[in-house]
Amino acid sequence: MKRQGHLIEQVADMENLLLAFWKAQRGKAGKKEVIRYQEHLTDNLLRMQEHLLTGHVDVGHYHSFTIFEPKERHIFASCFNERVLHHALMNICHQFFDKHLIYDTYATRIGKGTYAALDRAHSMMPHYRYVAKLDVRKYFDSIEQTILKLQLRHLFKDPLLLSTFDKIIDTYWSSRPGLGVPIGNLTSQYFANHYLSDYDHYIKEQLKTPVYIRYMDDMLLFGDNRSRLKKQVEMARDYLSSKLSLELKPPQIVSTGQGVSFLGYRLQGHRIGLNSRSRNRFNRMMTEYSHKLESGIWTQEDYRSHMVPLMAFTQHAYTKKYRLSKLKKQAVGLEPRESWRQLEQQRQELPCVESQQQHSVEPQQQPRLSGGVSPLAYAE
């Protein structure tokens, strides 16, 4: 693939920076840092433009915190100015990252995402006898920054763009300097997805795996010969270790009739269900929400605002009977008109909840900025 150059000028173009601002402020327009940034929007974007064109971008200002659902993760969220920068970079660079990916890679891609990966995997279950599930141990924290930088140099040749990527990468390290990219950044999602792109081609083109599906570091390999599939898994593990310094969790090779867990769901037969971890989390969260309602910590509106998206998580699985039985038990203390049936109806009216990675690249209707300027005009 031909390396791309002369991109930093496109990244720094004012039309692109305005579009990046709009994307960064989606869902955060009422926050103080966003309001302050917008009050001096032109000056802030002109300053970013200058820093991009001179190679003097200022990065690494993180707000760190820990989440515990669905599992413990340390999040490093960039300040708002850097979020605008990340969107500006990926507005232009997305297409070049995307071109290097195989068809069955589903993270950070327009028109794909979690549910597309699930549907693709589910559709393959009846056609193959065996499936292998692979998962990288502590993936984001295990990425070798030197290898990642070299990969980026095989994709891009613009010195200022590469220098900006290097600075973003260098702002973080996990267990030792030079290791890891932070969870919580748009650029990290692209870097982490690209890190495995050569490996994807190895699986498809060298190992000749008939069906291989990847969502970030969660992978499924399908085949009809268990011994051959086991050998492919061993070679895949060797490649990850020797070429990318990554360690796999113990792989699972099972019959497709037995079913397999993937992305929080359970693929089995003609059904997509919740896996045990997701089911336990669903029960735990419902109990917590009911307690907060009964104890007066939450109002009924607070309860509804949390319950409806929680139930929406289950809507891609065959869980209606299970969901309604749990909802009947938990929806106590509601006013008569706010029955469990109404909560279920509100869930059905929601669009499918998609992953955060998918949201970051999906085009949406764009509102007008202050001063009557529409980013849509700049984006065209």
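Visitor: What share of the contacts in the chain with a separation of 6 or more comes from residues 24 or more positions apart?

Guide: The share is 73%. A contact here means heavy atoms within 4.5 Å.

Visitor: What kind of model is this, and how are its residues numbered?

Guide: It is a predicted model, in which local features need pLDDT of at least 70 and side-chain atom pairs count only at pLDDT 80 or more, while totals for chains, interfaces and linings use all residues. Residues are numbered from 1 along each chain as its sequence is written, and side-chain values use heavy atoms, with hydrogens and water left out.

Visitor: What makes up the chain, in helices and strands?

Guide: The chain has 18 helices and nine strands. These are DSSP runs, numbered from the N terminus: helices are H or I with at least four residues, strands are E with at least two.

Visitor: How much of the chain is buried?

Guide: Of the 380 residues, 51% are buried. Buried means under 20% relative accessible area, exposed means over 50%, and partly exposed lies in between, using a 1.4 Å probe and protein chains only.

Visitor: What makes the pair of Arg83 and Glu33 a salt bridge?

Guide: The distance does. A salt bridge is a side-chain nitrogen of Lys or Arg within 4 Å of a carboxyl oxygen of Asp or Glu. Arg83 and Glu33 meet at 3.2 Å, N to O, so the pair qualifies. The two come from distant parts of the chain: Arg83 sits in helix H5 and Glu33 in helix H3 (residues 32-39), 50 residues apart. A search of the whole structure finds eleven such bridges.

Visitor: What about Asp170 and Lys149?

Guide: Their side chains meet in a salt bridge at 2.6 Å, N to O. Asp170 lies in helix H9 and Lys149 in helix H8, 21 residues apart. At 46% relative accessibility, Asp170 counts as partly exposed.

Visitor: What is called a cavity here, and how many of 30 Å³ or more does the search find?

Guide: The search finds one. Rolling a probe the size of a water molecule over the atoms shows where empty space is left. On a 1 Å grid over the protein atoms alone, a cavity is a set of points where a 1.4 Å probe fits but cannot get out.

Visitor: What is the volume of the largest cavity?

Guide: About 40 Å³. Grid points are joined across faces, edges and corners, and the volume is the space filled by probe spheres set on the points.

Visitor: What makes a residue part of the lining of the largest cavity, and which residues are they?

Guide: A lining residue has an atom within 4 Å of a point. The residues are His94, Phe97, Asp98, Leu101, Thr108, Tyr190, Asn193 and His194. Two or more residues come from each of helix H5 (80-99) and helix H10 (186-195).

Visitor: How does that lining divide by residue kind?

Guide: Into three nonpolar, four polar and one charged. Ala, Val, Leu, Ile, Met, Phe, Trp, Tyr, Cys and Pro count as nonpolar; Asp, Glu, Lys and Arg as charged; the others, Gly among them, as polar.

Visitor: What phi value does Lys138 have, and where is its place?

Guide: Phi of Lys138 is near 45°, a positive value in a residue other than glycine. Lys138 is in the loop between strand S3 (130-135) and H7. Its relative accessible area is 66%, so Lys138 is exposed.

Visitor: Is Leu263 buried or exposed?

Guide: Buried: Leu263 has a relative accessible area of 18%. Leu263 also has a positive phi, about 60°, although it is not a glycine. Its place is the loop between strand S7 (260-262) and strand S8 (265-268).

Key
On a 1 Å grid over the protein atoms alone, a cavity is a set of points where a 1.4 Å probe fits but cannot get out, and a pocket is an open set with protein on both sides within 12 Å along at least five of seven lines; lining residues have an atom within 4 Å of a point.
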